[in-house]
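User: I would like to go through this structure with you. Could we begin once it is on the screen?
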Amino acid sequence: MEFTYNKNVEIIDEIEISVSSPHGSSISNLSMPLTYFDLQWLRVKHTYNMQRLFFYTYTHSLHHFTHTLIPSLKSSLSTTLHYFYPFVSTLILPPPPQKPYIQFTQGNTVSFTVAQCDDDFQRVISHRAKDVRLLHPFAPRLLATRMLPDGTHVSSLLAVQVTLFPNKGFCIGVTFNHVVADGMAFHHFMKSWASICLSKGIIENQNFLRPSFDRTCIEDPYELESRTLKQWRNLSSNNESLENPADNIYKDKVRSTFVLKSIHIERLKQYFSNNKLQYSSFVVTCSFAWTCLIKSLRNSEVSDDQLCCLCFVADCRNRFGQVSVSKTYFGNCITAVFPMITKKELTGHDGLIFAAKSIVNCIKGLETNGASREMDKWVTITDEQSCGSSIFITVAGSPKLDAYKTDFGWGCPKKTEVIHIDLSSTISLSDCKDDQGGIEIGLVLKKGEMDVFTQHFEHGLKLL
């Protein structure tokens, strides 16, 4: 295993990308309200940004990189921002009683950093365990929040960095504030940018799905907006900013990627089928990873009867009953669900079955109750402790987002990584680049715990 981290990244240029409006059209100054789905991300205990890396093969020199690839990425990003203008807007947090909102002003820009790295490209994109800090230099930071004289806070929402590994590959790193978009909206943006880049900006020649910004379709029968605003105002003075965490938070942490191949997933489904249960790939993957993870954690102080929680989010675009929400809706439209069972049940002989049933029951609750009712439950949970859980694990990403289908013209990614899982007890899920129907599991643990997880994961596969 490799436990050195990357200090070999050199910044070449720092650019500001503005909106390029096709056909002479332009966007007027405008503001966008935040729904309770967006506001929810203001009130979380720890505030940190979403970070995603996309690595591509690129066997060209620095000169080719700066004179060919970078101009193409810059031009296509500028055009894409015309359609996804919230990413080039600012988040405005005024003093109460005013509400937060997103503001687009002509002349707004997105930070675009160009860098190069002389590290081993294959080492960086490998699945094997490595110091979590190895990947941090490839993820850009958002511009620092400004405070106006009246106490209003103004924050940027998107930053991009492109890093060259000369004659080997390059990385597109993106950081964004979760308040502006969920995973589906973000990946819609990324695939649109990639598609515009691939077609050299000729949008008419492609099946381009424009984002929808219609907020009127979001119902609020439980007064979730006012309740969420009240909670945020009460909690905001105590929120801990983890945008630039101390280095010791990463001490002894390593990152690994584990792959459940399609054949493994089918065998897991067969295991459940033998027990008269029919579950999806998502359910069986989460169940398998959850049981392995709980067995690997050093939590001897947690008794067997303590509850373990696996928090994951579910898309709500098709869960408003008679109200139709566009699949291209841009913003946040997800709610969290919280399956919980005891440590003893998870780590016992039938742990997989207990885990899967708990997850499925929560999904059925969402299908029965609808998006607003499930969101009402989430709003009542102000932090991990209010769940009543001693071991709280979250799931980031989804195989359905198809991260490996983000092709800018240099082929599909060789690797994608979710960086922000470094800061919490989180696993990431993604589609698999080498196996249709397989799922990649990203994980960050202390070195000793990762060793134990690997043992349980590999042993579990052999038993299938």
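This is a predicted model: local features need pLDDT of at least 70, side-chain atom pairs count only at pLDDT 80 or more; totals for chains, interfaces and linings use all residues.

User: At what angle do α7 and α9 pack?
Analyst: Helix α7 (residues 281–296) and helix α9 (residues 351–369) pack at about 130°, and their axes are 9 Å apart. Axes are lines fitted to C-alpha atoms, for helices over the stretch in contact, and angles run from 0 to 180 degrees between N-to-C directions. Helices (H or I, at least four residues) and strands (E, at least two) are DSSP runs, numbered from the N terminus. α7 and α9 are therefore oblique to each other; angles under 35 degrees count as roughly parallel, over 145 as roughly antiparallel, 65 to 115 as roughly perpendicular and the rest as oblique.

User: Which residues of α7 and α9 make the contact?
Analyst: From α7 the contact uses Val-283, Cys-286, Ser-287, Phe-288, Trp-290 and Thr-291, and from α9 it uses Gly-351, Leu-352, Ala-355, Ala-356, Ile-359, Val-360 and Ile-363. Contact means heavy atoms within 4.5 Å. The contact of α7 with α9 has 10 nonpolar, three polar and no charged residues. Here Ala, Val, Leu, Ile, Met, Phe, Trp, Tyr, Cys and Pro count as nonpolar, Asp, Glu, Lys and Arg as charged, and the others, Gly among them, as polar.

User: How do the axes of α7 and α11 cross?
Analyst: The axes of α7 and helix α11 (residues 447–463) come within 8 Å, crossing at roughly 140°. These two helices, α7 and α11, are therefore oblique to each other.

User: Which residues meet there, in α7 and in α11?
Analyst: Phe-288, Ala-289, Cys-292, Leu-293, Lys-295 and Ser-296 of α7 meet Glu-449, Val-452, Phe-453, His-456, Phe-457, Gly-460 and Leu-461 of α11. By class, the contact of α7 with α11 comprises eight nonpolar, three polar and two charged residues.

User: And what about α2 and α4?
Analyst: Helix α2 (residues 62–83) packs with helix α4 (residues 183–198) at an angle of about 125°, with axes 9 Å apart. That makes α2 oblique to α4. Residues in the contact include Leu-73 and Leu-77 of α2, and Phe-189 and Trp-193 of α4. The contact of α2 with α4 divides into seven nonpolar, five polar and no charged residues.

User: Changing topic: how many cavities of 30 Å³ or more are found?
Analyst: A search of the whole structure finds one. The largest cavity has a volume of about 70 Å³. On a 1 Å grid over the protein atoms alone, a cavity is a set of points where a 1.4 Å probe fits but cannot get out; lining residues have an atom within 4 Å of a point. Grid points are joined across faces, edges and corners, and a volume is the space filled by probe spheres set on the points.

User: Which strand gives the most to the lining of the largest cavity?
Analyst: β19 does, with four residues. β19 (415–418), β20 (426–431) and β21 (439–446) each supply at least two. The lining has three nonpolar, five polar and four charged residues, among them Arg-52 and Thr-257.

User: Finally, where is the cis peptide bond?
Analyst: The bond from Pro-96 to Pro-97 is cis, with omega near 15°. Pro-97 is in the loop between β5 (90–93) and β6 (101–104).

User: What is phi of Glu-223?
Analyst: Phi of Glu-223 is near 55°, a positive value in a residue other than glycine. Glu-223 is in the loop between α4 and α5 (224–235).

How values were computed
Residues are numbered from 1 along each chain as its sequence is written. Side-chain values use heavy atoms; hydrogens and water are left out. On a 1 Å grid over the protein atoms alone, a cavity is a set of points where a 1.4 Å probe fits but cannot get out, and a pocket is an open set with protein on both sides within 12 Å along at least five of seven lines; lining residues have an atom within 4 Å of a point.
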